[in-house]
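These notebook entries record what I looked up in one structure, entry by entry. I began with strand pairing and went on to cores, helix faces and charged pairs.

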Amino acid sequence: MNEIKTKVQFVEIDEDMAGQRIDNFLRNQLKNVPKSLIYRIIRKGEVRVNKKRIKAEYKLKAGDLVRVPPVKVEETAQADVPNTKLNKVAELEHCIIYEDDHMLILNKPSGTAVHGGSGLSFGAIEALRALRPQARFWSWCIV
């Protein structure tokens, strides 16, 4: 696989992003970057908030300016949603019980994982993110 080096980014934190930890924020910003690398760039001081070093536990505040350093990211040949999973994603659309700007309630089908991981690359949360890419944050209620 090819590697792509990102450029330095400066992200101003708005009200929607405020309150989350810097490590979780970086995991959302730096897709396909291992968690170990994210924690390493935080420890080494490459990630700065308001021009100061921070720890992984730092909670972002509205108005903070985050410096996201350049990192090498593996270029993936796959799309975010594997083609074999598109039918399951479409099925989940019909399982949404309630949705507004802050919350989504899903009646999860039996046999569908909630999260990808431990050998699974895909789950209900990844499917919902694929269905609603514009949604920033939700409180999840999966029943």
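This is a predicted model: local features need pLDDT of at least 70, side-chain atom pairs count only at pLDDT 80 or more; totals for chains, interfaces and linings use all residues.

**Entry 1, hairpin.** I looked up how S7 connects to S8 and found a hairpin that runs through 3 residues. Glu-99 has Leu-104 in S8 as its bridge partner. I took two strands as paired if DSSP finds at least two bridges between them. Strands (E, at least two residues) and helices (H or I, at least four) are DSSP runs, numbered from the N terminus.

Residues are numbered from 1 along each chain as its sequence is written, and side-chain values use heavy atoms, with hydrogens and water left out.

I then traced an open sheet of 4 strands, antiparallel in its pairing, with the order S2-S5-S3-S4. Strand S2 (9-12) and strand S4 (52-53) are its edges, each pairing on one side only. Strand S3 (residues 48-49) runs antiparallel to S5 and is joined to S5 by 2 bridges. Opposite Arg-48 I found Arg-67 in S5. H1 packs on the sheet, where H1 touches S2, S3 and S5, and the direction of H1 makes about 55 degrees with that of S5. Contact here means heavy atoms within 4.5 Å; axes are lines fitted to C-alpha atoms, for helices over the stretch in contact, with angles from 0 to 180 degrees between N-to-C directions.

I defined a nonpolar core as a set of buried Ala, Val, Leu, Ile, Met, Phe, Trp, Tyr and Cys residues joined through side-chain atoms within 4.5 Å. Buried means under 20% relative accessible area, exposed over 50%, and partly exposed in between (1.4 Å probe, protein chains only). The largest core has 22 residues, of which Ile-22, Phe-25, Leu-26 and Val-66 touch the most other members. Helix H1 (22-29), helix H2 (35-43) and strand S5 (65-68) are the elements that each give two or more residues to this core. H2 supplies the largest share, 4 residues. Apart from this core lies another, of 10 residues, including Cys-95 and Ala-127.

Which residues of H2 are buried? I list Leu-37, Ile-38, Ile-41 and Ile-42. They line one face of the helix, because they fall within an arc of 140 degrees seen down the axis of H2. The arc is that of the directions from the helix axis to the C-beta atoms. After H2 comes Gly-45, whose phi is positive, near 85 degrees. In helix H4 (residues 124-131), the buried residues are Ala-124, Ile-125, Ala-127 and Leu-128. Their arc around the axis is only 160 degrees, which puts them on the same side of H4.

Side chains of opposite charge can pair when their charged atoms come close. With a salt bridge taken as a side-chain nitrogen of Lys or Arg within 4 Å of a carboxyl oxygen of Asp or Glu, I count 2 salt bridges. One joins Arg-21 to Asp-23 (2.8 Å, N to O); Arg-21 is partly exposed at 29%, whereas Asp-23 is buried at 2%. Lys-44 and Glu-46 meet in a salt bridge at 3.6 Å, N to O.
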